Amino acid sequence: MSQPPPHRYPKSLASVIGGKRVLMVLLVVVLFSCLYLAGIRVSSLKPSEYGLKLSYEFLVAAVQPALSYEAGPPSADAPPFLLKVLTALWLTFQYALCSMSVALVIGFIGGFFSSSSWWPENPNRPLKIALRGFFLISRFVVTLGRSVHELIWALLILTALGTTPLAGIIAISIPYGCTLAKIFSEMIDEQAGIARETLSSIGAKPMQNWLFGCLPLAFTDMLSYTLYRFECALRSSAILGFVGIPTIGYHIVQAFEDFHLLELWTYLYTLLAMIILSELWGKSIRARFNGQIAEKTNACKNPSLKQLKSQRPKSWWLRISGGIALATTIFAWLNIPAARYPLSWQRRLSNLESFFQQIVPYPVQKSGDWADAWPWAKNLLAESGTEAMLMTLYIATAAAIMAGVGAVLSMLWASARLNRMQSFETYTGNSRTELWRRRLTRTASHFVLLIARSSPEYILAFLLLQIFGPTAWPLILGLAIHNFGLMGRLYSELVDNHPAEASKQSLLAGGNRVQTYFGAILPQVFNRYLLYFFYRWETCVRDSTVLGMLGILSLGFLITDAKTRLFYDNLMFFVLLGALLVFIGDMLSYWIRAKLRQLDHS
Amino acid sequence: MRNQSLTLLALGAAFGLSSCGEKSSPAADESAEIKPLVFSAIPDEKVSDQDAKFQAMAKYLSATLEVPVEFSISADYNAAVQRFKNGEVHLVWFGGLSGVQARDAVEGAEAIAQGAEDPKYKSYFIAHSSTGLAKSDEFPAGIKEFSFTFGSPQSTSGRLMPTWFIKQFTQQTPEEFFTQPVQFQTSGGHHSTAKAVESGSVQVGALSYKKYDSMVADGELDPTKAVIIWETPFYADYNFTAHPELNEIYGDGFTNKLQKALIECTDAEALNAVNRSQLIEANNEEFEGIRVVAQELEMLR
Amino acid sequence: MASFHLSNTSVQFGQFHALKSLHIDIQPAERLALIGTSGSGKTTLLKLLNAQITASQGEVQILGEKVDTLSPKRLRQLRSHIAFIPQHLGLISNLRVFQNIMLGRVGKRSTLGTLRDLAMPADEEMQKIFDILNSLGIAEKLYQRTSSLSGGQQQRVALARALYQNPEVLLADEPVSAVDPARARSMVQLLNKIASENKLTLIMSIHNIELAQEFFPRVIGLRGGEISYDGTNSQLDPAALERIYKLNTDELSQ
C-alpha cells in the first residue's frame with residue numbers, strides 16, 4: 001500500500017529560512033553588525049553633562065510652552081507671538097495643501113501611464129511601440145522622482161532657480177506625485193485580474209475594464225493612501241524649514257538658536273496638534289468608505305422608485321469636508337506669499353543655464369571629454385562616496401530593525417484586541433482593577449505611538465543631536481521613533497482585524513494574553529509584519545539620505561559639503577548616488593515583498 | 001453616486017493650478033519708483049540679532065545715497081553668495097572665502113570696503129575651562145584629544161583659516177588630526193561656537209576674534225569658561241562687495257558713491273551692524289591669499 | 001446552429017489536465033445543469049464557453065463562430081450576448097447596487113456611454129433595474145453600497161445584472177450556493193422560468209442535485225475533467241450519480 005502523501009502546511013518566509021527563531025536572531029545580528037560597521041558604540045548613547053542639563057531644561061520647558069515672546073518682542077512692529085506661530089503653521093499647511101494638489105495631478109497622469117491594464121488588446125505596431133514607450137518612460141521618471149528626497153529637491157530648486165516661494169511646493173510635489181503615481185498604478189493593476197473576470201467576460205473593452213472595474217475597486221485604497229500622504233506632506237512641509245524656507249521647521253531651528261526653549265515647545269505642540277487633527281479627519285473620511293459607518297437603510301416596507309431615489313444614502317460629512325477641502329485649496333493657491341525680491345524669468349533662466357553648466361563634472365568642463373568623468377566619479381566614490389552610502393544604509397537598517405522589534409513588542413500593550421476584557425470575543429473573567437489597568441495601558445500606549453508617528457523624524461533627530469552630541473545615534477533614534485509609531489499602528493490594525501478563531505483556542509485552553517500573542521497571533525501575521533517592515537525599511541533608506549545634512553557623515557552631509565564649496569557637479573553626483581541607493585532599496589524591498597505575498601497566499 | 005469628494009478635489013486642483021502664480025510685491029514694479037537697493041550679509045551670528053542691527057546701516061545708507069535701502073537676511077553663507085550671484089541682492093557683507101566665491105561668480109564685482117582692522121584679521125582657538133588648556137604662543141597640539149568644532153562650514157575665520165593653520169602646523173587635515181569627529185555649527189555662526197564651548201557641549205572651537213571680543217565686552221560670554229588658548233597668524237577677512245549692476249540701475253559712478261558713503265560713515269549704530277569702529281577702502285587683490293588657501297584646501301576651484 | 005460546440009476539446013494548465021477531450025453540443029434555448037465534485041472542471045468548462053480561457057487542444061465554437069478566428073472586437077460583441085456569473089459574483093464592491101447592474105450593458109455601450117450610465121442614469125433604465133430587483137425581492141437595496149449587502153443578497157444582485165444584460169446565453173457558476181434552500185429553490189425556478197420565456201440558453205453549475213433534477217431538462221456530470229454523464233434529468237439514476245460523485249479511498253486521503 002502506498003504511503004499517504006505528507007500534509008503540506010502553507011509556507012512562511014521563516015520556515016523557508018529555518019524558522020522564526022532563526023529569523024529573529026538574524027535580524028538582531030544584522031542590527032548589531034550595522035551599528036558596529038557604522039562605528040557606533042552603545043556607549044556613546046550616554047549624553048554628556050551638557051546634554052543631560054539640556055534634556056532637563058528641555059523637559060521642564062515642555063510643561064510651560066510660551067504664549068508670548070520669551071525675550072520680549074524682537075522689534076517694534078513684530079506681530080504678537082501667537083500670531084507668528086499661527087502664520088508659520090498656516091504656511092506649513094498651505095505648502096502641504098498646494099503640493100498635494102499638484103501631486104494628485106501628477107499621480108493620476110503618472111499612474112495612468114504606469115499602468116498597463118488599459119491597453120487595447122491588439123494594438124497595431126506603431127501604437128504598441130508608443131504605448132510601451134510611454135509606459136517605460138513614465139516608470140523611469142516616476143522612479144527617479146521618488147528616489148530623491150524632498151529636502152534635496154528643495155535644495156536643487158533653490159540653487160538652480162533662485163529663491164522662490166514655489167520652491168517648497170515644487171520640491172514636495174515631485175517626489176509625492178511620483179510616489180502616488182507608483183502606488184496608484186500598483187493598486188489599480190492589482191485589481192486588473194478581478195476586473196477582467198468581471199467585466200471583460202461580459203464584453204467590456206480594456207479601457208472600460210480599467211475605468212469601471214479597476215478604478216472603483218482600487219478607489220478606497222487610493223483615497224486612503226492619499227489621505228496618509230497628505231499627513232506626510234504636512235511633516236515634509238514642516239522640515240522644509242531646515243533649508244531656509246520659513247515653515248515651522250525654520251522657526252524651531254531659530255528658537256533653538258536663540259535658546260528660547262519655551263517658544264520651541266509652542267511650535268512643537270502646534271505642529272503636532274495640526275498633524276494629529278488631520279489624521280483624525282482622514283480617519284473620519286476613511287470610515288465612511290470602509291463601511292465602518294453604516295449607511296441608513298430605508299424604513300418603509302415597499303418603497304417606490306421615487307421614494308428610493310429621494311432617500312438615497314448621502315453623507316453630509318463627506319460633502320462638507322469635500323467642499324471645505326476644495327475651498328481651502330483654492331484659497332491656498334491664491335494666497336501664496338509673494339517673493340520679497342522677485343527675480344525676472346530671464347534671470348531665473350540664466351541661473352538655470354549656469355546651474356546645468358556647473359553640474360557637468362569638473363574635469364569634463366575643462367577638457368570637454370566625457371571620458372574624464374570616470375576617474376572623477378571613481379575618485380569621489382573611493383574618497384567618501386562609498387563610505388557615506390554604506391553609512392546611510394547602516395543608519396536606515398538599524399533604525400528600521402529597532403522600530404520593528406519595538407512595534408512587535410508594543411502590541412502587548414497597544415493592541416486593542418489584546419487589551420480588552422473580552423479579548424477575541426471570549427469572556428476572560430471579571431476584575432475591575434484589571435479592566436482599568438488595561439484601559440490605561442491601551443490609552444497610554446496609543447498616545448505614545450500617536451506622538452511618535454506624528455513627529456517628523458528630521459526634527460526628532462535635530463533635537464536629539466543637541467542632547468547626545470554628533471554621533472549617528474540621534475539620526476538612528478529619530479528614524480526609529482517615528483517608524484516605531486507608524487509600524488505600531490500598522491501592526492495593531494493587523495492584530496485587531498485578524499480572524500479570531502485560531503487565536504481563541506489558546507485562551508480557551510487556559511493561556512494568558514502574552515502566550516496567545518506570541519504563540520497564536522504572531523505566527524499567523526508574521527508574514528504581513530515582515531511585509532510592512534520591508535516597506536518601512538525602504539522609506540528609512542530614503543529618509544536617511546538626508547538626515548546626514550544635520551552634520552553626520554553620510555550622503556546628506558556630503559551633499560551640503562559640496563554645496564558649501566559650490567561644487568555643483570559633486571553635489572549632483574552625491575544626489576544621484578542617494579537616488580541609486582534608494583532605487584536599490586526599493587527593488588530589494590519589492591522583490592522580498594513579492595516573495596512574502598506569494599508565501600502568504602499559498 | 002461616484003464619490004463626490006474626490007471629483008471635487010480633482011476639480012479644485014485643476015482650478016487651483018490655473019490660478020496660481022507669483023504675485024509681485026509693489027516694490028518690484030517697473031513704475032517711476034526707484035528700485036530699493038537690497039543688501040545682505042553672511043549669517044555669521046544669530047540671525048535675529050543681525051536683522052535688528054543692520055536696520056541702522058540700512059537707514060544710514062538710505063539717507064546718504066538718497067535711494068531706498070533694505071536689508072534682507074540670508075539663510076546661510078551659500079544663500080548669500082547665491083543671491084548676490086543672481087542679482088537678488090546687490091551689496092553683501094561677505095567673509096573672505098564667501099567674498100572670493102561671489103566675485104568669481106559675478107564678473108565685475110568689486111570689494112569696496114572693509115573694517116579698518118580687517119586686513120589683519122585672526123581667529124581664536126578657544127577651549128572650555130575643564131580641558132585645563134592655557135593660552136600659548138605655540139600651536140596647541142594638545143587639542144588633538146578633545147572634541148572640536150568649527151563655525152559655519154563656509155566661514156573664513158571659523159573654518160577655512162583654522163583648517164589651513166592646522167594643516168600648516170601639524171601636516172594633517174583636521175579629520176586626520178583630531179581623534180573625535182570634527183563638528184560644524186550649522187546655524188548661528190561664531191555666536192554658536194562661542195556658546196557651545198562655554199557650555200561645555202564641545203571642548204574646543206575656532207572662531208572670529210572680533211566676535212569673541214565683542215561677546216565678552218557685552219557680557220554675553222564668560223572668558224573664564226571659554227578660554228583663548230591660541231591666536232592664529234593674520235589674514236585678510238570680511239568686506240563689502242558690490243554688484244556691477246549697481247551702476248546700471250542707479251547710474252554711472254553709483255558704486256563709487258556707495259564706497260564713499262561706507263568709508264565716511266561715522267554713524268555708530270550703523271557701524272555696530274558690522275561690529276567695526278571704522279570702514280576703509282578694499283580691493284579684490286587683497287583677498288588673493290584667501291583664494292590660494294581655499295584652492296589648496298579644495299574649497300575652491 | 002448550435003449555441004456551443006466543443007469537439008475533442010482539452011484544457012491543460014501546465015501538467016494538470018483540467019478538461020480532457022470533451023465533445024459537447026449545446027443548442028439554443030437549452031437549459032442544462034453541470035454537476036460534479038469540486039475540482040472536476042465545472043468552472044473551467046464554463047470559462048471555456050465564453051472564451052475566458054482557450055482550449056489547449058480541439059475546437060471550440062461559440063454562437064456559431066470558431067473561437068480561434070475571433071478578433072478582439074468580435075469576441076467582445078459575442079460576449080455581450082453571453083451573461084456570466086462567476087463564483088465570486090464579479091461585483092464591484094465599492095459601487096452602488098444599481099451601478100453594478102448597469103455594468104451589465106458594458107459590452108454594448110461605449111466608454112463614455114457607460115460613464116454616463118453610472119454617473120447620471122436615465123430614468124427608464126432605472127425603472128427597468130428597479131423592476132428586476134423587485135422580482136428578486138431586493139428592490140429597496142437599489143441605492144445601497146454593494147458591499148453592505150449579505151452574501152445571498154449579493155448573489156441576487158449578480159443575477160439581476162445578468163438579467164439586465166438581456167443576453168442570449170446565461171452562464172452561472174454555482175450562483176445559489178450562499179443562499180438558504182428555500183430561496184435557492186425559488187431563484188433556480190425563476191432563472192429557468194426567465195430562460196424558457198425568453199428562449200435563453202441556460203448553463204448553470206450547481207451542487208444541489210435535487211434542484212438540478214427538478215428544473216433542468218439536461219444534466220452533464222463531470223468527473224476528473226471528463227464527461228461522466230450527459231443526458232436528461234430523468235435518466236439521472238443513483239448509479240450514474242455514484243459514477244460522478246464516487247469518492248474512492250485514494251481521494252479521501254488526499
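This is a predicted model: local features need pLDDT of at least 70, side-chain atom pairs count only at pLDDT 80 or more; totals for chains, interfaces and linings use all residues.
Chain A is built from 23 helices and 0 strands. Its C-alpha trace spans about 80 × 70 × 65 Å along the principal axes. A compact globule of 602 residues would have a radius of gyration near 25 Å, and the 27 Å of chain A agrees with that. Of these 602 residues, 45% count as buried. When contacts in chain A between residues at least 6 apart in sequence are considered, 75% of them join residues at least 24 apart.

Beyond its neighbours within four places in sequence, A:Ala154 is in contact with A:Ala167, A:Gly168, A:Ala171, A:Leu240, A:Val243 and A:Ile245.

The contact involves 49 residues from chain A and 50 residues from chain B. On the side of chain A, the elements that give two or more residues are helix 3 (49-62), helix 4 (81-114), helix 9 (206-239), helix 10 (248-257), helix 13 (316-334), helix 14 (345-358) and helix 22 (555-564). Helix 13 of chain A gives the largest share of that side, 11 residues. Sorted by class, the side of chain A that touches chain B has 25 nonpolar, 15 polar and 9 charged residues.

Within chain B, the domain assignment gives domain 1, made of 35-118 and 237-296, and domain 2, covering 144-231. Their C-alpha centres lie 25 Å apart. Across the boundary, 16 residues of domain 1 of chain B are in contact with 14 residues of domain 2 of chain B. On the domain 1 side, two or more residues each come from helix 3 (77-85), helix 4 (96-105) and helix 12 (288-296) of chain B. That side has 6 nonpolar, 5 polar and 5 charged residues.

Helix 12 of chain B deserves a separate look. In this helix, B:Ile290, B:Val293 and B:Ala294 are buried. Seen down the helix axis, the buried residues of helix 12 of chain B fall within an arc of 100°, so they line one face of the helix. On the other side of helix 12, B:Glu288, B:Val292, B:Gln295 and B:Glu296 are exposed. The cover over its buried residues includes helix 4 and helix 5 (156-170) of chain B. Just after helix 12 of chain B, B:Glu298 takes a positive phi of about 60°.

The last stop is a loop. B:Gln185 is found between helix 6 (174-177) and helix 7 (189-199) of chain B. B:Gln185 counts as buried because 27 other C-beta atoms lie within 10 Å, where 20 or more are needed. Not counting residues up to four places away in sequence, B:Gln185 touches B:Thr149, B:Gly151, B:Ser152, B:Ser192, B:Thr193 and B:Ala196. From B:Gln185 to B:Ala127 the separation is 58 residues in sequence and 16 Å in space, C-alpha to C-alpha.

Key
Residues are numbered from 1 along each chain as its sequence is written. Chains are lettered from A and ligands numbered from 1 in the order in which they are written. Domain bounds come from an automatic or database domain assignment. Two residues are in contact if their C-beta atoms, placed from the backbone, lie within 7 Å. Helices (H or I, at least four residues) and strands (E, at least two) are DSSP runs, numbered from the N terminus. Ala, Val, Leu, Ile, Met, Phe, Trp, Tyr, Cys and Pro count as nonpolar, Asp, Glu, Lys and Arg as charged, and the others, Gly among them, as polar. A residue is buried if 20 or more other C-beta atoms lie within 10 Å of its own, exposed if 12 or fewer, and partly exposed in between; C-beta atoms are placed from the backbone. The arc is that of the directions from the helix axis to the C-beta atoms. The radius of gyration is taken over C-alpha atoms; the globule rule is 2.2 Å times the number of residues to the power 0.38.
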